[in-house]
Amino acid sequence: MAKGYWVSVYRTIFDPEKLAAYNELAGPAVRAGGGRVLARDGRVVAHEAGIVERTILIEFDSFEQAVAARASAAYQEALAALADGVERDFRIIEGLD
């Protein structure tokens, strides 16, 4: 079964306090949904049209599990805390077998 991944790139952080509140709630919600953080805030080398931005990569055992974790009540609570505190590009992608 192909794994699922959350890829989140933070273009702009408007409110660090909202981001901190989100992080406190999102971590436990992601773990409860079966997610494992593979990369966060590490070194980045951008190429082509890339921009060096805060990037998070989270792995789930399946694409369906990744989608369900995003829809969970616990993660929705984290998103409510984040509100308009950031501008980010968030995607759920299916891995290759």
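**Exercise 1. Rings that pair**

In this predicted model, four aromatic pairs are counted.

*Solution.* Start with what has to be known: a pair of aromatic rings is described by the distance of the centres and the angle of the planes.

Step 1. Now place the partners along the chain.

Step 2. Check the surroundings. Buried means under 20% relative accessible area. Trp6 has 3% and is buried, and Phe60, at 0%, is buried too.

Step 3. Finally, widen the view: Trp6 and Phe60 belong to one aromatic cluster that also holds Tyr22, Tyr75 and Phe90.

**Exercise 2. Charges over rings**

Find which ring lies under Arg54 and which ring lies under the charged end of Arg70.

*Solution.* Step 1. Look at the face of Tyr10: Arg54 lies over it, 4.8 Å from the ring centre.

Step 1. Turn to Phe90. The charged end of Arg70 sits over this ring, at 5.1 Å from its centre. Phe90 is also one of the members of the aromatic cluster from the previous exercise.

**Exercise 3. A buried arginine**

Find out which side chains make polar contacts with the side chain of Arg88, among them one at 3.2 Å and one at 3.3 Å.

*Solution.* Step 1. Locate Arg88 in strand S4 (residues 86-94).

Step 1. Look for a salt bridge. Arg88 is buried but has none; Asp89, the nearest side chain of opposite charge, is 8.5 Å away. A salt bridge would need a nitrogen and a carboxyl oxygen within 4 Å.

Step 2. Look for polar contacts instead. The side chain of Arg88 has one with the side chain of Tyr10, at 3.2 Å, and another with the side chain of Tyr22, at 3.3 Å.

Step 3. Apart from neighbours within four places in sequence, the residues in contact with Arg88 include Ser8, Val9, Arg11, Tyr75, Leu79 and Leu82.

**Exercise 4. Salt bridges across the chain**

The count of salt bridges comes to seven. For the bridges Arg11 to Asp89, Lys18 to Asp84 and Arg54 to Asp41, say which elements they link.

*Solution.* Step 1. Arg11 and Asp89 meet at 3.4 Å, N to O. This pair links distant parts of the chain, with Arg11 in strand S1 and Asp89 in strand S4, 78 residues apart. Arg11 is partly exposed at 44%, whereas Asp89 is buried at 18%.

Step 1. Lys18 and Asp84 come to 2.5 Å, N to O. Lys18 is in helix H1 (residues 16-32) and Asp84 in the loop between H3 and S4, so this bridge ties together parts 66 residues apart in sequence. Lys18 is partly exposed, with 26%, and Asp84 is exposed, with 54%.

Step 2. The closest N and O atoms of Arg54 and Asp41 are 3.0 Å apart. Arg54 lies in strand S3 and Asp41 in the loop between S2 and S3, so the parts tied together are 13 residues apart in sequence. Arg54 is buried at 18%, while Asp41 is partly exposed at 45%.

Step 3. Lastly, salt bridges that share partners join Lys3, Arg36, Glu59 and Asp61 into one network.

Terms used:
Residues numbered from 1 in each chain as written. Predicted model: local features only at pLDDT ≥ 70, side-chain atom pairs only at ≥ 80, totals over all residues. Heavy atoms only, no water. Phe/Tyr/Trp six-rings, centres within 6.5 Å; stacked < 30°, edge-to-face > 60°. Buried < 20%, exposed > 50% of the residue type's maximum accessible area, 1.4 Å probe, protein only. Lys NZ or Arg CZ within 6 Å of the ring centre and 35° of its normal. Helix = DSSP H or I, 4+ residues; strand = E, 2+ residues; numbered from the N terminus. Lys, Arg positive; Asp, Glu negative; His and termini not counted. Polar contact = N/O pair within 3.5 Å; in protein donor to acceptor, adjacent residues only side chain to side chain. Contact = heavy atoms within 4.5 Å.
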